[in-house]
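Here are some exercises on side-chain contacts and backbone angles, each with a worked solution. Have a look at the model first, then try each task before reading on.

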Amino acid sequence: MLWTLVPQFLVSGITNGSIYALIALGFCLIQNATGLVNFAQGDFVMLGAMIAVFLMQGLHVPMLPAFLIAVLAVAAVGVALEQGPIRHARNREVLTLVMITVGASISLRGASMISWGKNAHIYPPLGGELPIVFLHAAIMPQSLWILALSLVVLGSLYLFFHRTLLGKAMRAAADNPQGALLLGISVRRVVSLAFALAGGLGALAGILVTPITSMSYDAGLMLGLKGFAAAILGGYGSTLGAVVGGLLLGVLESMGAGFISSAYKDALAFVILLAILFVRPAGLFGHVRVRRL
């Protein structure tokens with residue numbers, strides 16, 4: 001009987017995997033621009049959802065403007081993180097800068113708990129709650145919105161990085177910061193833009209997933225870890241790998257929960273990750289760097 005539920009597991013996996021892919025893309029943007037792991041990325045997800053909830057339920061702002069304001073607000077938080085503690089840190093060691101993002105994560109969670117409490121928050125899904133039945137799978141309209149908007153974001157990012165001068169400047173600064181400076185590219189502005197895009201992507205992921213799972217002040221921690229796992233699975237720093245890794249992780253997680261037990265859903269995701277990385281340490285689309293001595 002479980003095999004008849006495979007289409008439903010796939011739908012659930014692709015839905016969650018699209019969220020993981022958006023979060024993983026945020027990790028990859030900052031990794032490519034600075035070489036850092038931003039452990040506040042999951043809290044960007046939580047913050048976007050919480051701001052949207054506050055605007056809609058507290059200030060009665062219509063849904064679409066509330067979503068746009070939330071994305072822009074979290075993008076501004078990302079810029080503030082980069083231009084504040086990260087840029088002005090006296091110790092420029094990578095470990096020190098990573099610990100700054102950990103401190104930012106803790107601070108954002110604490111501020112959110114004080115501002116919105118410990119209760120979970122939710123708002124109505126886009127397109128209503130009547131499912132669409134296809135191949136014995138009940139597909140919620142929110143899942144279609146998640147998939148559609150994720151594809152739009154991915155397509156927009158591809159065009160931005162490959163068809164615009166600013167996007168090419170970001171790629172150049174990520175590949176060779178010193179060379180980019182010689183060409184007149186402001187690496188600082190590029191890094192700030194990377195943090196802004198990462199914040200916006202995180203906020204969008206939080207906004208899209210909240211009608212399905214709800215959101216609380218500490219929910220961003222697990223979502224951030226799964227997005228990080230998806231980025232590593234696909235090949236850390238690879239945008240294509242982030243997308244494939246997110247979708248693969250979501251599907252494997254859903255299948256494991258369906259065929260084994262949902263109680264081990266979170267653990268299964270990381271066990272699968274460890275198994276794949278044991279076979280291919282660089283991830284699916286990563287490349288092993290060889291240093292000559």
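The exercises below go through ring pairs, salt bridges and phi angles in turn.

Before you start, note that this is a predicted model, in which local features need pLDDT of at least 70 and side-chain atom pairs count only at pLDDT 80 or more, while totals for chains, interfaces and linings use all residues. Residues are numbered from 1 along each chain as its sequence is written, and side-chain values use heavy atoms, with hydrogens and water left out.

**Exercise 1. Classify the ring pair F27 and F228, and locate its two members.**

Step 1: recall the rule. Rings of Phe, Tyr and Trp (its six-membered ring) pair if their centres lie within 6.5 Å; planes under 30 degrees apart are stacked, those over 60 are edge-to-face, and the rest are tilted. The count by this rule is five aromatic pairs.

Step 2: apply it. The ring centres of F27 and F228 are 5.4 Å apart and the planes meet at 50°, so this pair is tilted.

Step 3: place the residues. Helices (H or I, at least four residues) and strands (E, at least two) are DSSP runs, numbered from the N terminus. F27 sits in helix 1 (residues 6–34) and F228 in helix 9 (residues 219–234), so the pair links distant parts of the chain, 201 residues apart.

Step 4: check the surroundings. Buried means under 20% relative accessible area, exposed over 50%, and partly exposed in between (1.4 Å probe, protein chains only). F27 has 2% relative accessibility and therefore counts as buried.

Step 5: widen the view. Ring pairs join F27, F39, F228 and Y236 into a cluster.

**Exercise 2. How many salt bridges does the whole structure hold, and where are they?**

Step 1: the criterion. A salt bridge needs a side-chain nitrogen of Lys or Arg within 4 Å of a carboxyl oxygen of Asp or Glu. The search finds three.

Step 2: D43 and R109. Their N to O distance is 3.6 Å. With D43 in helix 2 (residues 41–58) and R109 in helix 4, the bridge links parts of the chain 66 residues apart. Both residues are buried.

Step 3: R87 and E82. These side chains meet at 3.0 Å, N to O. R87 is partly exposed at 22%, whereas E82 is buried at 5%.

Step 4: K226 and E253. The closest N and O atoms are 2.7 Å apart. K226 lies in helix 9 and E253 in helix 10 (residues 239–259), 27 residues apart. K226 and E253 are both buried.

**Exercise 3. Describe the setting of H60 and S214, two residues with positive phi.**

Step 1: the background. Most residues other than glycine have a negative phi.

Step 2: H60. Its phi is near 60°. H60 lies in the loop between helix 2 and helix 3 and is exposed, with a relative accessible area of 65%.

Step 3: S214. Here phi is about 70°. S214 lies in the loop between helix 8 (187–213) and helix 9, and at 22% relative accessibility S214 is partly exposed.
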